[in-house]
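Take a look at the model below.

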Amino acid sequence: MCTAIHQQTQGLFGRTLDLEHTYNEQVVVTPRGHLGNRYALLGTATVAEGYPLYYDALNEAGLAMAGLNFPHSAHYPPAKEGAENVAVYALIPSLLGQCGSVEEAVTWLGQRHLCNRAFSPDYPAATLHWMIADKLRSVVVESTAAGVQVYDNPVGVMTNEPPFPQQLKHWAEFAYLSHREPAVTPLEMGRGSGCLGLPGDYTSPSRFVRAAFGVAGSAPGEDPVGQFFHLMSTVEVPRGAVVLPGGTPVVSHYTCCMDLQNGVYYYRTYGGGRIRAVALRPEDTIGQRLTCHPHHKTPDVAWEN
């Protein structure tokens, strides 16, 4: 589970991470010199053996990327001799390290061979697909048995299964939904009847429809980042809503919002609640050492009396 959203008009991109457990993730700045990249990166990652295994990130040029679970359809072939192979775990840092726009990213992908090479026995190749966004455009990248496909994303939303074209087809079935109230609303229905029929469950297709409906009608006002988090809250998973067969609950461990214009990574954890921010400062983009900021997961309550 997970949901990603791109608000193109506001230059914002973010996601939820919905899992039954975490992997000691933290906000990590990777300077240009650490991996020999063109751009520095800022996002959430698990650091293993000094390497940032990014879940999502943005770079200095304002290009962002997030990997979401794609368990049934993802397929990666073995490394190919003579090709420029890129392992799944290296895709985000490699692509964001070299590309400054969605257009550059699409060209870069066409020149690489995405392969199933694992980082280590403890970190096998994850089954993912990706959303890439800049201030003007977003695309979805899926590697299936049919090969690598890149789809333009007209709704600015991605979830999990099924593949993206099927998600768009399903979304089209809800064209009757309206953000506007009907002229006459039955008293027993009350306000909000224009979106009557909007799916409320946590399956991937339902979250896709709910997020796309929210993006289409979102009015950021004076606080676009705050509005983005409110929008994301419509697809966040509270503890107890989704429980795996073994009894373990799935929750939205964190939600992030990346300001593509100003290079700021905002995030909120399930336990912490407060929105926190890490900026991509010029002094952090040079050198070779990672800068790590552990996620704050303890409750942060402001007492009034």
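This report covers the sheet, a helix and the nonpolar cores.

## Ground rules

The model is predicted: local features need pLDDT of at least 70, side-chain atom pairs count only at pLDDT 80 or more, and totals for chains, interfaces and linings use all residues. Residues are numbered from 1 along each chain as its sequence is written, and side-chain values use heavy atoms, leaving out hydrogens and water.

## The sheet

Eight strands form an open sheet in the order S11-S10-S9-S6-S5-S4-S3-S17, with antiparallel pairing. Strands are DSSP runs of E, at least two residues; helices are runs of H or I, at least four. Two strands pair if DSSP finds at least two bridges between them. S11 and S17 (291–294) stand at the edges with a single partner strand each, so one side of each has no neighbour in the sheet.

S4 (41–48) and S5 (51–59) pair over 8 bridges. Here alanine 48 has tyrosine 51 of S5 as its bridge partner.

## Helix H4

Which residues of H4 (164–172) are buried? They are Phe164, Gln167 and Trp171; buried means under 20% relative accessible area with a 1.4 Å probe, protein chains only. They lie on the same side of H4, because they cover an arc of only 55° around the axis, taken from the directions from the helix axis to the C-beta atoms.

## The cores

The largest nonpolar core has 47 residues. Such a core is a set of buried Ala, Val, Leu, Ile, Met, Phe, Trp, Tyr and Cys residues joined through side-chain atoms within 4.5 Å. Its largest share, 6 residues, comes from H5. A second, separate core of 32 residues includes Val28 and Leu63.

Note on methods. Buried means under 20% relative accessible area, exposed over 50%, partly exposed in between (1.4 Å probe, protein chains only).
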